[in-house]
Amino acid sequence: DGKNAHLRFLDSRKHKVKMGHTSLEKIIALQKKTPHIRNLCILAHVDHGKTTLADCLVASNGIISSRLAGKVSGPTENYQLLYDNKIIKHIIDIIHQFAEMYSQKMGIRSSVLLKTLWGDFYLNAKAKKIMKGAQSKGKKPLFVQLVLDNIWSMYDAVVTRRDKEKVEKMVTSLGLKVMSRDLRHSDPKVLLSAICSQWLPVSQAVLSMVCEKLPSPAEISAERVEKLMSVGARRFDSLPEQTQELKKAFLDCSADETAPVIVFVSKMFAVDSKALPQNKQRPLTQEEIAQRREQARQRHAERQAANQSAESPGSADTGGASTTVAPASGAVTDALCAQTEALSVKTAVEEDNKEHFVAFARVYSGVLRKGQKVFVLGPKYDPSLALRALPEGCSAADVLPSVPHMACCTVDSLYLLMGRELEELDEVPTGNVLGIGGMEEFILKSATISTSPSCPPFTPLNFEATPIVRVAVEPKHPSEMPKLVRGMRLLNQADPCAEVLIQETGEHVLVTAGEVHLQRCLDDLRERFAKIEISASKPIIPFRETVIRPPKVDMVNEDMGKQQKVAVIHQVKEEQTKYPEGVQVDSTGLVTLTTPNKMATVGVRAIPLPEEVTRLLEDNVELIRTMEQFSLFAWEDKTLDINQKILENIQEFKVKLESNLQGRKWRGAVERIWAFGPRRCGPNILLNSVEGYRRPSVWQCLEREKETEKAEIRDFDNSIASGFQLATLSGPMCEEPLMGVCFSVETWDMKLSAPLAQQDSIDEDSQTAEPNIDNQNESSDTHETNASSASSNRSRSGAEATGSSVDCYGPFSGQLIAAMKEACRYAFQAKPQRLMAAMYTCEIMATAEVLGRVYAVLSKREGRVLQEEMKEGTDMFIIKAVLPVAESFGFADEIRKRTSGLASPQLVFSHWEVISSDPFWVPTTEEEYLHFGEKADSSNQALKYMNAVRRRKGLYVEEKIVEHAEKQRTLSKNK
């Protein structure tokens, strides 16, 4: 409530009225005034004051004590401000406060001060005029003179010098009242906080600026509405007509009964059962208090009577016997009651500790009511498909056919978010932020809620921090595995930037954005969601494998001489003898491999892709998926509707690809692309260079309107593609995915008998089992893999199903897949191999005196400085660098320790970068032997990374544990 907040600010300064909690009825009334609502979000890096600022705003409304500001943790950083028209005048007065104060003191008009307070202006003391050109004349800017100097003077007197007399003078001149206990406090920051909270209250300044500068929900622009309604590459004008009509509902922001309800859920957050309003203890009425008092009296009287009867001795033997047996039976009964009570208490405690999810949402149109039937639309929901499947004018209360990514549910409960507290509501009108209970079964991370099935899903939230760091998690006690599974499911729902995977090995993997995020997720898992002791592996760092053009300089940066070239040729000849039977590698890198049954031969060459092409493929994954889906539909003689905007984007993608693939070896390469991989959408290319084989283009979605000559697909075409997918999913260096590699199929000869080929072309529906493809460093998205598997199955021989042509080497399609995979791996090894490391962009703010220490930490961790610039008007330097993710663990702590907290880094995943050193390199020239020694393994960072990954995956590592071991000898014996 902005009105009460503002009035309380003024009253707290004058000390006339205590701040009080705003009543729920008042807030409900203010929620209906849409033009007076301001929605804001506080964004900042870790430990940069988000919680402190949020708590100051909450404390200004009396929700928490002002002394607890910055010390209360909770979901308080998403805010909604509501205010009344009467405070506009007061807000303007607050904004002009500094200008008016100095206007009266200096005799300068406040309008002039408002224009010149911020800028290149200074005060000429002699002429008592404000002049321009402070920087050129070496003068202090007006803002420094009138504002900052006073703040620094206050800080110096309170914190640095602790000058009590000067502090008392300042407090008196400002008209502030500071409590004596604050003046006597041993920590000077307590006194500084007490003075500044009255002199320059941050909540007052934020409220003023928010009310004046931020638009209300009713002022949403048409451009923003169209952007919200257009998911992915879809344009607004390509949406169905009924969907486009909802734009008016957004712009009207109406709370009428006829307005459709449109709500966006941005995230799910977990709360304890005790925090829910329905589980809170309500105050007892006078009648209930009297009733409980009477019950307590009765129980006390019954206990006294029982004690008296137990103490009186029995006169007869029978009575005596009964008195001895009665206590025993009573003890058994008491024990049973105690056990029952303990079980019930344990159940109640478990129920109280259970986590519930509340959806954090905002209403964009209509009024959301408790008990209302609504549609829950997932991020992949397509309104055009739903409108074709559903009857016209249907509602969520009707019995409807199943539609992908759409569910119907009843709104269970609505909450007003009051800092950490939740207050139950019956309805929430448009423009407001709210919490919705009971949605955990229908919403994973984000969704759109509406009463209209024509409503599109909102554009999903994009996170700058890409999940890149992963750990394998397991419970310390195996019996607690179900609790871990449930806890990881809850964590996945609560954290929009975390991912949870289950590998084919059975490992539960947690993927996070960085070291700090990882630690936070593990703590949440232990303390909130699983509530068990867990063990986490060392962080699993992903790498990529690639090939490069032959280097022109050696490891000591000298041109490759004749001696080294001869050594390399000898090395290639030695490796040639290691290849198994049926594999031939020529001097140009062409690998020819024959299947075990000698019925097919493939020739493959590996070519490094230009960096621009690799980046282009990474940035257009969704377009490649769309193209692959269209090709799959065309294979099944179906049609897939693609809107014009996406077709234009695909055409633009193709043009960019052609412009980046220039030169003789890339002539016509774009038209000859066979597939992308891995998972049919990755940053690697399979190229069709087989002479005389013209297969359907991957660009056939662009050619459907043209009358093109019908291309034919050879038998077992998909076996070649499947072999390529497997090869790019795990490379030969350390079984990591490939990146930036083009495999060109130059020969493909088959010696199939005529009956076998004929039978293969007739029967395309035979099904053969294919191994499931997964990778420890990729998300378990197997949709594309399954699609490729299905396509491959359709092209296999019917003769294989009947067993007529199966030889001792297994089905022919399987042999061809394996042969293609091995040919790609050998072709990859025939080129200079390199590892690619995941890189963080690192931004560091530091003072001049610690720059050297910052550079030392960066160089120690293989970092590279890109840019260094001084922040204008300060003595701070901003350093931009890149740092390998593998070297980032403990980086922030080390840099803070080395610089005594004067430098703080911020890490964000940026890109993949080739590690320049060759992991298989051995010295060959005299200079290299002198520089690196005979082994040359001490400084080979790529080899260390590769061996670490191979060791983690249980692969063979070529290394010696002990070399040249000798017994230790001393020069003299101990006497």
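Analyst: A residue counts as buried when its relative accessible area is under 20%, as exposed when that area is over 50%, and as partly exposed in between. The model discussed here is predicted.

User: How many salt bridges does a search of the whole structure find?

Analyst: The search returns 24 salt bridges.

User: Which residue forms a salt bridge with R861, and are R861 and its partner buried or exposed?

Analyst: The partner of R861 is E894, with 2.8 Å between the closest N and O atoms. R861 sits in the loop between α29 (851-860) and β27 (864-870), whereas E894 belongs to helix α30 (residues 891-898), so the pair ties together parts 33 residues apart in sequence. R861 and E894 are both buried.

User: Where do E628 and R680 lie?

Analyst: These two side chains meet in a salt bridge at 3.5 Å, N to O. E628 is in helix α22 (residues 621-635) and R680 in the loop between β23 (673-677) and β24 (684-688), so that distant parts of the chain, 52 residues apart, are linked. R680 is buried because its relative accessibility, 6%, is under 20%. E628, at 23%, is partly exposed.

User: How many residues apart are K656 and E652?

Analyst: They are four residues apart in helix α23 (residues 644-660), about one turn of the helix.

Definitions and conventions:
Residues numbered from 1 in each chain as written. Predicted model: local features only at pLDDT ≥ 70, side-chain atom pairs only at ≥ 80, totals over all residues. Heavy atoms only, no water. Salt bridge = Lys/Arg side-chain N within 4 Å of Asp/Glu carboxyl O. Helix = DSSP H or I, 4+ residues; strand = E, 2+ residues; numbered from the N terminus. Buried < 20%, exposed > 50% of the residue type's maximum accessible area, 1.4 Å probe, protein only.
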